[in-house]
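The text then takes up helix packing, the ligand shell, a sheet and the backbone.

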Amino acid sequence: MGNSGAKETTSGSSTPQYDVVIIGAGVVGNAIARELSRYALRIAVVEKELDVGMGTSARNSGVLHSGIHYKPGSLRAKLNVEGNSLMEGLCRELKVKIQYIGKLTVAAEDEEMPTLHALKEQGEANGVPGLEILDPEDMEKLQPGVRGLKALFSPTTGIICPYTFTIALAESALLNGVDYFLGEEVREVKRNGQKFTVRTRKGLGLVSKVLVNAAGVLSDKVCRMLGINDYTIYPCRGEYLVLDKRLGHHLSTLVYPAPHKGKAGLGIHLTKTVDGNILVGPSNEYVDGPEDWATTSYIMGKLREEGEKLLPSLTTSDIIRSFSGIRAKQAPPEEGGFRDFVIESRTDVPGFVNLVGIESPGLTSSPAIARMVRDMVSALVPLREKPEFKPELDRMTGYFHELSAEEQADLVAKDRDYGEIVCRCEQITRKEVLEAIENPLGVKSVTALKFRARVMMGRCQGGFCLPKIVRILQEDFGYRPEDFFLYREGSHLFTGRVRS
Ligand SMILES: Cc1cc2nc3c(=O)[nH]c(=O)nc-3n(C[C@H](O)[C@H](O)[C@H](O)COP(=O)(O)OP(=O)(O)OC[C@H]3O[C@@H](n4cnc5c(N)ncnc54)[C@H](O)[C@@H]3O)c2cc1C
């Protein structure tokens, strides 16, 4: 499907030379690419999927954590607090919606009170601002209907759309000169003399002075390509239910249970999204496959029960979708809990910057991780700032339907394609679909459109708009139906015509 601003495979031609090659276009790889694109470097990102942000970075809660949960002195604590503080400015530049709606961590029983106090102390030691323990009266003011003895309020907890953010980082990196190779799975990495040669399944070859491993749940596999056997990732799945926007107004802040030691996640909770849905989840279960993104009827049933407890007005018809994401855990099931991020410039493999076990709060930490990696790269190749670096993306923040009536009328007067609704549930216009199709990284799957234009994300999940989108792709852009993929190569939507 489609043409792409990303680079096409160049097997057969001479091997392209780079200063830095990054394996993996999740939020971490793209944040690093965007940070390094400030400097006069030749940079490439190699991603096995057809689009950026198709792994864990699109499959999480989208919460900007404050930093109360992690041990003082750990990388997770430091990078979480730093990343959280960088997010507001970065989202302004990238035109990405962000809301600091705060979080209540609730103690339901007396035995949980010491946990709240310990979290507050830990958060303060980590430099988290504004932490307060609230009594039920003040909790009620922040979140009507919330039950519990007391709650720790963290005002710097926020929400963001994780795939919009990841795509925006990639578009900004591309705009600033980074080459993207999508649909290219790295199969072999060799170090010859002072350089790395990276080879993909399809035969693309790249040579680079610095190699960055940002392969998420598969980062241990990339390590093994270089003979590094120090790490094992134990995939741990979190499943979610997505609730209809009808219920969105019920949540004004985030409400989490007090955490329990040894658990792999932060407990099942309700999370409001920046687009108005509520997520119920995530569960946590160790699984065999690092990309086993299944949702199961057993967990969905449990999430529904938990959801009904937390939100009594929830009915089955409010559940519009389920999805799951995989945590890149270094802690095996028998150990549970969390281990710290590994971010290292290897001395045994000079030039190899290695990121392993970037589980939560990897989304929140990504801008700070990128700065840390930049400092490691600066010790390997000289960094010279580019005066032409453009921090801002030139686009609208949010969607047409979120604008005022006057702003909408102005846009429709300028371009009639704003006047036609394609996705009825999410009120997405034809113009927004066209812009998503024409995005600078290109479109090779329907999911790429979903993540850019929010089409197919409402109650009907594409029942109404998918045929319209397919028609636009065919008639306006010349796509062939048999080339439409759902999200990755081989996931065909159509196999042929039933009538001419
Ligand atoms: C259930 C769940 C909830 C979470 N909630 C939050 C939250 O609320 N807040 C928060 O801050 N964090 C959260 N996280 C953590 C956050 O999502 C991750 O830390 C972050 O997305 C990791 O990004 P990444 O770029 O390292 O990994 P990924 O997004 O997985 O990116 C890695 C990329 O590498 C590519 N790749 C792998 N191998 C190869 C190869 N050989 N060749 C080419 N490409 C390759 C993959 O296709 C993938 O696109 C959550 C995670 C989960 C699972």
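## Helix crossing

The crossing of α10 and α11 is right-handed; a crossing counts as right-handed if the near helix is turned clockwise from the far one by less than a right angle, and as left-handed if anticlockwise. On the side of α10 the contact is formed by Glu432, Val433, Ala436 and Ile437, and on that of α11 by Leu449, Arg452 and Ala453 (contact: C-beta atoms, placed from the backbone, within 7 Å). These residues comprise 5 nonpolar, no polar and 2 charged (nonpolar: Ala, Val, Leu, Ile, Met, Phe, Trp, Tyr, Cys and Pro; charged: Asp, Glu, Lys and Arg; polar: the others, Gly among them).

The axes of α10 (residues 430–437) and α11 (residues 446–453) come within 9 Å and cross at roughly 125° (axes are lines fitted to C-alpha atoms, for helices over the stretch in contact, with angles from 0 to 180 degrees between N-to-C directions). The two helices, α10 and α11, are therefore oblique to each other (under 35 degrees is roughly parallel, over 145 roughly antiparallel, 65 to 115 roughly perpendicular, and the rest oblique).

## Basis of the model

The model is predicted: local features need pLDDT of at least 70, side-chain atom pairs count only at pLDDT 80 or more, and totals for chains, interfaces and linings use all residues. Residues are numbered from 1 along each chain as its sequence is written. Helices (H or I, at least four residues) and strands (E, at least two) are DSSP runs, numbered from the N terminus.

## Ligand shell

The ligand is surrounded by 40 residues, the closest being Gly24, Gly26, Gly216, Gly238 and Gly362 (C-beta atom, placed from the backbone, within 6 Å). Two or more residues of this shell come from each of α1 (27–36), β2 (43–47), β18 (319–329) and α8 (362–378). By class, the shell holds 18 nonpolar, 16 polar and 6 charged residues.

## An open sheet

Three strands form an open sheet, in the order β3-β8-β4 and with antiparallel pairing (pairing requires at least two DSSP bridges between two strands). Its edge strands, β3 (63–64) and β4 (98–99), each pair on one side only. Strand β3 is joined to β8 (residues 158–160) by 2 bridges, and Leu64 has Gly158 of β8 as its bridge partner.

## Backbone geometry

Most residues other than glycine have a negative phi, and most peptide bonds are trans. Lys95, in the loop between α2 (75–94) and β4, has a positive phi near 60°.

The peptide bond from Gly281 to Pro282 is cis, with omega near -10°; Pro282 lies in the loop between β16 (278–281) and β17 (285–286). Ser360 and Pro361 are also joined by a cis peptide bond, with omega about 5°, and Pro361 lies in the loop between β20 (352–356) and α8.

Conventions. Two residues are in contact if their C-beta atoms, placed from the backbone, lie within 7 Å.
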